[in-house]
Amino acid sequence: MEETSPLKAKRKDKTEDKHEDTDATVEAPQKKLARLSGSLDEAAGVGEGQRAGAETEACDIDVELSLNTAYQQKDATQWLQTAWSKQAQDTKDDKTGAQIYGDPFQICLLPELLDKGSSQALVHEMINKVHWSRKQMDLYEFYQSTDLSNMSECRLLSKFLQLLRKQVRPWLEQVTNLKLDYVSASCSMYTCGDYLLVHDDLLKDRQIAFIYYLSPWQGAEEWNEEQGGCLEIFSSDDQCFPQFPVQRQIAPKNNQFAFFKVGSRSFHQVGEVTTFDYPRLTINGWFHGATNEAFVADSSRAFPRLSYLQPDINNKPKLGLLLNDVYLKAATCRSIQKRIEENSEICLYEFFKREKFELARSQLLSDESLTWRRQGPANAHNYEVLDLSTAKGTVEELLQLFRSNAMFQLLRDFTDLDLYGVDAITPTCSVELQRWSHGNYTVLGDGLVSEDNTLDLVYYLNAAEGAAVITYLSPEVEQRVPVENGLDGTTDGEQTMEEDDEDECHDDSVLLTITPVDNALNIVYRCEGTTKFTKYVSRNTPLEKGPVFVISCSYKE
């Protein structure tokens, strides 16, 4: 077989990435909203000649934002108060249309929150005056504004904030019997492909999370599940970890206000928006009060960690029958070791003999006797793992290799780590075969932070661009550290950031990005404290060949 260079191809220059990202951030929301502004004008009966003036004047019209009088009636408030306090399962008020769901946690929906026409005026202002910042991290991708309290130039949004403070806050205190001191809020926009993964919103003094939906376009006032963007609700287990599958979906509906009590079980996500026609627009945030009791109890909850095993001394594979011959040569081993010493990583292309790779790939795609289970909890992982006891044939052969003494010895030769020989004390490894499809992900968290210096191996079969892309971050990166009016577990996605790029993966924090290449073995030596995540697989990612399979291993001296 032709010798293959063990050196990984040069990556795209970070400066180029930065410029491309900046251009996309500036243009994407503006182009989308400019087109939708015309749709709003047509719905309102504004002619072509009036449109230019309407774009300028729409945000300056002195529109009064008023709470729907139906919700201000004493009997409506009493109905909500009683239903909320009794923690009824599912109930609906026939007069107002208000609904309360009790399972898996209480959430209230108030249709037609504001008087007619208010939502359209708010969207006009969001189109013409709001500055949108792109938010991208392990947990989410979407656009967001600054806090409404910092948007004095947006008169209607400022009025909406005052409505929340002066009318909605005291009214919610009556309904929920909670002391609410103040409100924080911002605007969020999800375009096609945007999402927010599972979180509970639990942070310090957050008591009530809310989402106000805006979709005034004709024919799109109420979304369906096929358009995506649903508020998706999860149940949780005895340890307060969210469980698959999604238990309830709430689709965006114009002029609807949703709220729920923030707690250790209030797990939810924003499903990926799949429509190109309209963005998912919301005003969202939290009503704050005393320190949330659940926050104190939640601080000690940690994600499950990998289990490590000693090498299998009974398994003695013949490397010459499995591996590309070039990687068994002493000169190649020295070259690999030098590269890892200099860069802490390398990609070995065509690692296994091509016929072995093809047999394993074909078996993974067609063998229905293989048993897969979903890996959770939902706020940490969402992918499938193989029950290794069901592996057979070539798949079993490859998996056994990664746990064998022969592999430990080869990795010692590649890295000079004490994984084999007289200097090895108690070397261990974890081996996992993963299956990745649309909607799968891992996020940053304690379970993915390396407690020791670790050697990671990542091997792809049936690779597809954009699926199972792994990013390593430096130990110095603060992992979504919560700050007041700042980052973290958002409600319906919806965070309030002080700085435009505060929550993004900066170039200087990203140590390495591994992109899928068939039959390529990535070797990464990571220091204590280094963390990683696998990017969410968007439904726009082409997977015509089927799911992507990843053999993921970690080795410790």
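Which element gives the largest share of the lining of the second largest pocket? In this model, which is a predicted one, the answer is β17, with six residues.

Let me stay with that pocket for a moment. The space in the second largest pocket comes to about 970 Å³, and β17, which spans 428–436, is joined in giving two or more residues to the lining by β15 (372–375), β16 (381–386), α10 (393–403), β19 (454–461), β23 (531–534) and β24 (548–556). In total 45 residues line the pocket, and those that lie nearest its centre are Leu-306, Ser-307, Ser-430, Val-431 and Glu-432. Sorted by class, the lining holds 20 nonpolar residues, 15 polar ones and ten charged ones.

With 22 residues, α5 reaches 30 Å between its first and last C-alpha, close to the 32 Å expected at 1.5 Å a residue. After α5 comes Asn-177, whose phi is positive, near 60°.

Helix α4, residues 118–129, has twelve residues and reaches 16 Å from first C-alpha to last, close to the 16 Å expected at 1.5 Å a residue. α4 is mostly covered, since nine of its twelve residues are buried; they include Ser-118, Ser-119, His-124 and Glu-125 as well as Ala-121, Leu-122, Val-123, Met-126 and Ile-127.

Then there are the cysteines. Cys-154 counts as buried because its relative accessibility is 0%, and Cys-192, at a relative accessible area of 18%, is also buried because that value falls under the 20% cut-off. A search of the whole structure for disulfides finds zero.

Finally, a residue in a loop: is Phe-267 buried or exposed? Phe-267 sits in the loop between β11 (257–261) and β12 (268–270), and it counts as buried because its relative accessibility is 1%. Its C-alpha lies 9.3 Å from that of Gln-243, a residue 24 positions away along the chain.

Technical notes: Residues numbered from 1 in each chain as written. Predicted model: local features only at pLDDT ≥ 70, side-chain atom pairs only at ≥ 80, totals over all residues. Heavy atoms only, no water. Disulfide = S-S within 2.5 Å. Buried < 20%, exposed > 50% of the residue type's maximum accessible area, 1.4 Å probe, protein only. 1 Å grid on protein atoms, 1.4 Å probe; cavity = no way out; pocket = protein on both sides within 12 Å on 5 of 7 lines; lining within 4 Å. Points joined across faces, edges and corners; volume = space filled by probe spheres on them. Helix = DSSP H or I, 4+ residues; strand = E, 2+ residues; numbered from the N terminus. Nonpolar A, V, L, I, M, F, W, Y, C, P; charged D, E, K, R; others polar. Expected span 1.5 Å × (residues − 1).
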